[in-house]
Amino acid sequence: MNEKTKKNKTLRGIGVSPGVVIAPAFMLMTESVCVVRHKIPKESVFTEIERFEDALIKTRQQILEVQNNLEQNTTMRDASILDAHLMVLDDHVFVDDVIKKVQAQTNVEAAVSEILESYAKMLASVEDEYLRERSADVLDVAKRMINNLTSAMDHSVLDLNHRHIVIAKDLSPSETAGMCKDMVVGFATDVGSPTSHSAVMARALEIPAVVSLRNISEQVSPGDEILIDGNKGVLIINPTEVQMEKYGRLAEARQTIERGLVTLQHKPAETTDGHKITLSANTEGLQEVDSVLRYGAEGVGLFRSEYLFLAIKGGIDEESQTAVYQQVAKRLSPAPVIIRTMDIGGDKLLDGSQFEREANPFLGCRSIRLSLLYPKSFKVQLRSILRASAHGNIKLMYPMISNVNEIIAANKILEEAKSELTAENIPFEKDIEVGIMVEIPAAVMTADVLAEHVSFFSIGTNDLIQYTLAVDRVNERVAYLYEPTHPAVLKMIKETVDAGHRHGIWVGLCGEMAADPVLVPLLLGLGIDELSVSPAAVPMVKDAVRTVGFVQAKELAAESLMCRTGTEVLNLCRHLTSEVAPELLELV
Ligand code: PEP
Ligand code: MG
């Protein structure tokens with residue numbers, strides 16, 4: 001298409017990770033290619049076998065690159081899990097079977113697809129769990145081979161070799177986690193929400209992102225230039241000079257404010273009248289430790305350990321887990337690092353056949369429920385956390401607790417892990433503090449009972465809001481109902497704080513709500529002791545704490561608790577921010 005005839009269009013979605021960027025579009029298609037079987041003429045057999053051999057080489061090369069990327073970006077020693085993929089390619093039986101089929105005049109795509117699918121089916125039906133899991137590996141290789149044979153393999157973000165904005169219908173958290181910041185400078189999707197784990201990951205990686213753009217993946221064409229404003233949720237296809245200048249100025253103005261806020265790095269998170277809280281950071285891996293230090297967080301309030309499992313198919317062993325936890329704890333010591341045991345499920349699904357697909361994954365076998373269902377793997381994680389605890393200030397946190405029996409069951413496995421380590425003469429912190437995430441209304445309503453068993457609470461508002469308001473946190477169609485300021489949510493927070501304080505334990509909040517500077521005074525007023533947000537949001541939240549008085553915050557909370565709607569509460573919060581810290585309104 002001629003430059004002049006390229007369409008210019010502005011679309012609005014939800015900004016989930018701040019920043020303005022301009023780059024060409026990279027269309028990420030996730031649908032698998034449909035293979036049609038047909039008979040090839042005898043004289044094409046040789047060329048068809050050559051195509052097969054080329055695809056084998058290309059696929060092998062791609063897998064090695066992915067392996068390399070995993071090793072570099074996840075700081076894991078064990079990216080060897082992809083060896084299983086390489087073994088499929090090197091399998092003589094597979095190669096011979098394909099060649100035989102092609103010699104019998106079947107097109108090579110159909111030959112590869114039929115043979116690998118039959119292997120996968122066979123593996124999926126065997127007793128042995130390890131072999132059953134290999135079925136997914138075989139299908140992965142099949143998809144890659146077919147994509148290469150049909151030349152449709154411009155699909156992987158790992159293949160990018162210059163700056164792009166990724167456009168997709170949706171992105172899984174692990175797809176987002178695999179993005180290289182230098183090549184993927186932003187992303188935009190049809191669906192999604194601020195608390196989806198892809199959005200959480202975008203903020204962790206500091207990649208500007210806009211989601212919930214409905215049919216953006218159909219409106220953009222390869223080669224289009226894209227501008228996204230991740231603060232305001234705007235996407236412009238082929239921006240004009242005037243638009244580029246406008247957004248350039250906006251980005252500069254925000255950067256000036258942000259540079260000012262970074263100077264708060266060594267200052268405490270303390271209100272104007274001397275009330276101090278702890279301001280920590282949420283992290284997903286070792287790679288964010290530098291940002292935690294740079295932005296001046298006082299430790300890690302939530303280490304989402306499940307990303308270690310999402311990054312490596314087949315899981316991560318005790319040694320590798322210990323190494324990651326230990327390095328994080330050592331680098332941040334004496335500051336605390338709260339490691340949350342894995343929260344797999346919901347929108348964070350592992351590939352692999354041992355996890356059954358569920359109709360309602362957010363209400364299903366997620367998180368602590370999954371850990372308790374697989375006590376052996378859970379114990380491996382607890383052993384790793386305990387082992388690392390000898391090298392820094394580590395605390396342990398269980399997610400998705402809905403009743404006291406789950407804490408008791410988890411603690412029993414923890415005690416077993418401690419006994420094993422003692423018997424093996426492996427050092428660990430015997431009095432490691434154990435806390436829970438309060439993110440299910442049942443936990444709020446029984447907080448007095450739960451508090452007797454733990455040293456702290458951390459409120460997970462991302463889930464607490466979804467479970468309180470019955471609004472799927474990743475469904476953009478009901479996003480308008482997902483209101484952090486809903487009076488029911490405020491009462492849940494207040495109830496949890498009061499119960500925690502009655503039992504002499506501190507109460508933090510690590511959901512995305514904590515990163516909205518407009519809501520920070522409200523949370524302070526409700527009595528929260530700790531806030532934990534993505535590292536880049538720390539300066540903004542600190543500014544929100546440091547510009548308000550605790551007395552003002554308490555008045556705001558009291559008034560908010562009497563409001564009838566979330567909008568009324570939000571207006572009160574906005575009004576206060578516009579008075580005490582108007583600069584923050586520019587950033588949200
Ligand atoms: C939460 O639910 O608020 C939370 C912090 O955990 P996650 O977003 O990982 O579910
Ligand atoms: Mg949660």
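This is a predicted model: local features need pLDDT of at least 70, side-chain atom pairs count only at pLDDT 80 or more; totals for chains, interfaces and linings use all residues.
Which strands does helix 9 (residues 241-262) lie across? Helix 9 lies across strand 1, strand 3 (20-28), strand 7 (225-229) and strand 8 (234-237), and its angle to strand 7 is about 35 degrees.

Eight of them make an open sheet with mixed pairing, in the order 1-8-7-3-4-5-6-2. Strand 1 (9-12) and strand 2 (14-17) are the edges, each pairing on one side only. From one strand to the next, the twist averages 30 degrees. In general, strands of a sheet pair through backbone hydrogen bonds, either parallel or antiparallel.

For a parallel example, select strand 5 (residues 184-189) and strand 6 (residues 209-211), which are joined by two bridges. F187 has A209 in strand 6 as its bridge partner.

Follow strand 6 to the loop between it and helix 8 (216-219), where R214 lies. R214 is not a glycine, yet its phi is positive, about 65 degrees. Its relative accessibility is 68%, so R214 counts as exposed.

**Domains and cores**

Next, colour the chain by domain. The domain assignment gives domain 1 (3-29 + 156-242), domain 2 (42-150) and domain 3 (258-435 + 512-587). The centres of domain 2 and domain 3, taken over C-alpha atoms, are separated by 40 Å.

Select Y398, F457, I493 and L531: these have the most contacts inside the largest nonpolar core, a set of 122 residues. Helix 15 (residues 404-423) gives the most to this core, with seven residues. Domain 1 and domain 3 each supply at least three residues to this core. A second, separate core has 29 residues, including A55, V95, V138 and L149.

Return to Y398 and show its surroundings. Apart from residues up to four places away in sequence, Y398 touches a set of residues that includes T341, I368, F378, L382, I407, L414 and M437.

Move to D90 in helix 2 (residues 83-90). D90 has a relative accessible area of 42%, so it is partly exposed. Select R60 as well: D90 and R60 are 30 residues apart in sequence, with their C-alpha atoms 9.1 Å apart in space.

Q105 is in the loop between helix 3 (92-103) and helix 4 (108-124). The phi of Q105 is positive, near 70 degrees, and this residue is not a glycine. Because its relative accessibility is 16%, Q105 counts as buried.

**Helix 12 and what follows**

Select helix 12 (residues 318-332) and check its length: at 1.5 Å a residue its 15 residues should span 21 Å, which agrees with the 21 Å between its end C-alpha atoms. Its buried residues include E318, Q321, Y325, V328 and L332.

Step on to P334, in the loop between helix 12 and strand 11. The peptide bond joining S333 and P334 is cis, with omega about 5 degrees. As background, most peptide bonds are trans.

Last stop: is R366 buried or exposed? Find R366 in the loop between strand 11 (336-340) and helix 13 (368-373). R366 counts as buried because its relative accessibility is 0%. Leaving aside neighbours within four places in sequence, its contacts include D343, D463, Q466, Y467 and R473.

Technical notes: Residues are numbered from 1 along each chain as its sequence is written. Chains are lettered from A and ligands numbered from 1 in the order in which they are written. Side-chain values use heavy atoms; hydrogens and water are left out. A nonpolar core is a set of buried Ala, Val, Leu, Ile, Met, Phe, Trp, Tyr and Cys residues joined through side-chain atoms within 4.5 Å. Buried means under 20% relative accessible area, exposed over 50%, partly exposed in between (1.4 Å probe, protein chains only). Helices (H or I, at least four residues) and strands (E, at least two) are DSSP runs, numbered from the N terminus. Domain bounds come from an automatic or database domain assignment. Contact means heavy atoms within 4.5 Å. Two strands pair if DSSP finds at least two bridges between them. Axes are lines fitted to C-alpha atoms, for helices over the stretch in contact, and angles run from 0 to 180 degrees between N-to-C directions. The expected span of a helix is 1.5 Å times one less than its number of residues.
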